[in-house]
Amino acid sequence: MKIEIKNLKKKFNDNFVLKDISLTIEKNKSTIILGESGCGKSVLIKTIYKLFEFDSGSILYDGKSEVDIDKFSMLFQYGALFDSLKISENIAFTDFINNKTNFERKVLSLMNDVGLNKSIFDRYPSELSGGMKKRAALARALYKNPKVIFLDEPTTGLDPINSDKINDLILEVITKRKITAVSITHDIKSAIKTGDNYYFINDGIIQDKGDCKKILKTKNKIFKSFIIGAKY
Amino acid sequence: MKFIENIGKFIIKLFSSFGKFILFILFFFKYLFKPKFYLKNNLSFFVNVFISSIPIIALTGIFSGMVLALQSYTGFSRFSAESAIPNIVVLTLTRELGPVLTGLMISARVGSSIAAEIATMRVTEQIDALKTLNTNYYNYLVTPRVISLTLALPIFVTLVDFIGVMGGYIVSVHRLGFNDNLYLLNTIDFLSLGDYLSGIFKAFAFGFIISIVSCYCGLFSDKGAFGVGSATTNAVVISSVLILSSNYFLTELFF
Ligand SMILES: Nc1ncnc2c1ncn2[C@@H]1O[C@H](COP(=O)(O)OP(=O)(O)O)[C@@H](O)[C@H]1O
Ligand SMILES: [Mg+2]
């Protein structure tokens, strides 16, 4: 799905978070959103997902303003797994709560895809490490075969080795399944590795954009200092 | 000037929260009649509430009944009206203390945990996750809690009434020297179904108040760990105040 965002504005009370955002998410490509913590990256993707309403501007999904959000999926920053449910029940959440029972095979094959051992099938999220939670949350996001997946800081809070593994996994998943991906990160290494196009948000507007492979050659001063600050 | 401005801001916030709360209740009823019933969810919540609340319910009942007998003896012995104690105990318990004390205890025990749980879900984006998984949080979170608690409270109140009368009986017979058969006879004779039912009606109302307020406070909590704390406090304070104030009007209704 191609998503075009034009002059998007969004505020909370007196807090103008998105001042004027225009960007294009290309079909079956991996788009990276970069920016300092608190600049509105999560708000932006949740607005695209229709979890938030916006104040002005437009968002077109394949040219239309209406969209069935069941085609979307999101990997939340800390996984957002449901604490009271087992990993398998989390992954097959919608089927599980609607009392469908034959989800076991699908869950196991997804767990295999994201590199989770089947021994944690009946475990609870609190028993898992950060990296495993991310994997389980990714499996849950993939369960409904989304057309577009939103990834909110998939590697934040993980050690470098696990970050690398999660990046490889994401890359594999989105290319193999032909999913349009929108990822938030402030990790330049992840952006170069997993992204096609990048957008850099600063002070509520898009400061810089381009090809992920050319991030390090950027001429934008603010983005440059962000890259240095991010200790690439 | 700053001071007046702040007062103004506070009042505006108060009214907008009140409006949001009313809207929340309306939505609750909308989804109640458009149900997508998650049976497993409902049942497990009801059982949980039940098991976790029984001990404090029993303690509340027994000590209220005991102290009630003792205190009314102090007063009534001055007019040599000790024989009214069984009546006073059972009447006060069923009409007043049973529902109100149960309501306050349950708002502290269950209301706070509902608010904390849902606020934590809000902070950790589980509420957002529900929406991305095509699940409405009224159906999944609010309805089971409100229905469970609204139905559980009358049962709790009945228990408190019963255990409370037993407490009064124990103190009256073993401490104050009442005849045990006569005490029970007086209790049963005097109690009318109307007394009991007026308390049960209050129990339904309080169960609804506690659950809907706690869900609201949890769902609309502020971000961060601080948000979870204030959601919990708000849930208990607001439902307690609403219980105490609505209690007066419900009593007027049955006067
Ligand atoms: N639900 C909300 N209500 C009010 N303000 C919010 C809400 N969500 C985010 N914000 C504010 O929007 C700004 C951007 O937040 P966010 O998008 O989470 O930043 P980040 O770029 O780190 O993901 C912050 O100032 C935050 O306080
Ligand atoms: Mg964020």
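Let's start with salt bridges: across all chains of this structure, a search turns up 14 of them. Keep in mind that we're looking at a predicted model.

Here is one from chain A. Lys19(A) pairs with Asp203(A), and their closest N and O atoms are 2.8 Å apart. Lys19(A) sits in strand S2, while Asp203(A) is in the loop between strand S8 (197-202) and strand S9 (205-211), so this pair ties together parts that are 184 residues apart in sequence.

Now over to chain B, where Arg145(B) meets Glu117(B) at 3.1 Å, N to O. Arg145(B) belongs to helix H5 (residues 137-174) and Glu117(B) to helix H3 (residues 85-123), so the contact ties together parts 28 residues apart in sequence. Is Arg145(B) buried or exposed? With 7% relative accessibility, Arg145(B) counts as buried, while Glu117(B), at 33%, is partly exposed.

We also have a salt-bridge network, made up of Lys46(A), Glu125(B) and Asp128(B).

Finally, have a look at the surface: Lys27(A), Lys64(A), Lys71(A) and Lys147(A) gather there in a patch of positive charge. One of them, Lys27(A), is in the loop between strands S2 (15-25) and S3 (30-35) of chain A, and Lys27(A) is exposed, with a relative accessible area of 53%.

Methods
Residues numbered from 1 in each chain as written. Chains lettered and ligands numbered in written order. Predicted model: local features only at pLDDT ≥ 70, side-chain atom pairs only at ≥ 80, totals over all residues. Heavy atoms only, no water. Patch = residues over 30% accessible without salt bridge, like charges linked within 9 Å, V, L, I, M, F, W, Y side chains within 5 Å. Areas by Shrake-Rupley, 256 points an atom, 1.4 Å probe, with all protein chains shown as cover. Salt bridge = Lys/Arg side-chain N within 4 Å of Asp/Glu carboxyl O. Lys, Arg positive; Asp, Glu negative; His and termini not counted. Charge placed at Lys NZ, Arg CZ, Asp CG, Glu CD. Helix = DSSP H or I, 4+ residues; strand = E, 2+ residues; numbered from the N terminus. Buried < 20%, exposed > 50% of the residue type's maximum accessible area, 1.4 Å probe, protein only.
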